[in-house]
Amino acid sequence: MKNVIAGNWKSNKLMAEALRLMKEIESGLTSEISAEVIIAPPAPYLSAFASEAKGVLQIASQQCSATGSGAFTGEFTAAMLGSCGVKWVIIGHSERREGYGETDNVIRKKLRAALDSGLQVLLCCGEPLEVRESETHFDWVQNQLMHALSGLSNSALESIVIAYEPIWAIGTGKTASAGQAQEMHAFIRNWLSICFDRSTARGCRIIYGGSCKPSNADDLFAQPDVNGGLIGGASLNAADFIAIVTALENR
Ligand code: PEP
């Protein structure tokens, strides 16, 4: 199973600086890297990035529409992304759930739209602080995943990477401890083995996101059920992102 590391650039950087960042990252990564390395630049740059990306870098969109083509002003479909050379899409990020009204139902539709168009999916889940504090975080995450994944075939799961991102750790500088990450990842894997089967669960990549940086990447990636990371802030700095990729390679 290949590890996965993805940089979510969110709404940062104008085109020229974004391209510069991609080139810097590319030149710091050798072709021998065994992990899948993905960057998710802002949507207007996706087509250019997909043509420019060389070597190991794969390109992701930060979202896609829940619909097919038609009269949906401003939306872009999963099939359009695929036609531009985009291979991945992030679905269910907490910033879209919380800021743009993406319910579990919408996420379920987006996931299916992406899979139907042949995209691979980084599916985000994770609890807010009050849920963690009330110790109902396992139920919360299970519920999110059940909504998104129920009814899918075992083989569909091969196109999905699950990103566990506790909301209280995103952009806050407060990382989940390696133990907290491992505990949730093991819970998710066990749940997958019940809902799908053991070999599907064992083969599913589960990555961690939430203030992952060079200083804590080694600890997080040393956990047996942590198969990589979804990186926000630290992916905007080439040296930091390369250091995190290197930590994953050396796990
Ligand atoms: C994210 O938004 O997916 C994320 C993990 O952000 P950060 O690394 O900045 O916490």
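**First stop: alanine 78**

Alanine 78 is buried, with a relative accessible area of 2% (buried means under 20% relative accessible area, exposed over 50%, and partly exposed in between, using a 1.4 Å probe and protein chains only). Before you go on, note that this is a predicted model, in which local features need pLDDT of at least 70 and side-chain atom pairs count only at pLDDT 80 or more, while totals for chains, interfaces and linings use all residues. Residues are numbered from 1 along each chain as its sequence is written, and side-chain values use heavy atoms, with hydrogens and water left out.

Alanine 78 belongs to helix 3 (residues 78-83); helices (H or I, at least four residues) and strands (E, at least two) are DSSP runs, numbered from the N terminus. Show what surrounds alanine 78: setting aside residues up to four places away in sequence, it touches Cys64, Ala113, Ala114, Ser117 and Leu119, where contact means heavy atoms within 4.5 Å. For a sense of scale, draw a line from the C-alpha atom of alanine 78 to that of tryptophan 140: the two are 62 residues apart along the chain and separated by 27 Å.

**Next: lysine 110**

Select lysine 110 in helix 5 (residues 104-116). Is lysine 110 buried or exposed? Its relative accessibility is 5%, so lysine 110 counts as buried. A polar atom of the lysine 110 side chain lies 2.9 Å from the backbone oxygen of cysteine 64; a polar contact is a pair of N or O atoms within 3.5 Å, and within protein one must be able to donate a hydrogen and the other to accept it, with residues adjacent in sequence counting only if both atoms are side-chain atoms. Beyond neighbours within four places in sequence, the contacts of lysine 110 include Gln63, Ile91 and Glu102.

**The ligand**

Now centre on the ligand, which 14 residues surround, the closest being Lys10, His93, Glu165, Gly171 and Ser211 (near means that a heavy atom of the residue lies within 4 Å). The ligand taken alone exposes 290 Å², and the protein buries 95% of that; accessible areas come from the Shrake-Rupley method with a 1.4 Å probe.

Phi of lysine 10 is near 50°, a positive value in a residue other than glycine. Most residues other than glycine have a negative phi.

**Helix 10**

Select helix 10 (residues 214-221) and colour its buried residues, Asn216, Ala217, Leu220 and Phe221. Look down the axis of helix 10: these residues fall within an arc of 130°, so they line one face of the helix (the arc is that of the directions from the helix axis to the C-beta atoms). On the other side of helix 10, Ser215 and Asp219 are exposed. Among the elements covering the buried residues are strand 1 (4-8), helix 8 (178-195) and helix 11 (238-249).

**Last stop: glutamate 135**

Finish at glutamate 135, in the loop between helix 6 (129-133) and helix 7 (137-149). With 66% relative accessibility, glutamate 135 counts as exposed. Its phi is positive, about 60°, although glutamate 135 is not a glycine.
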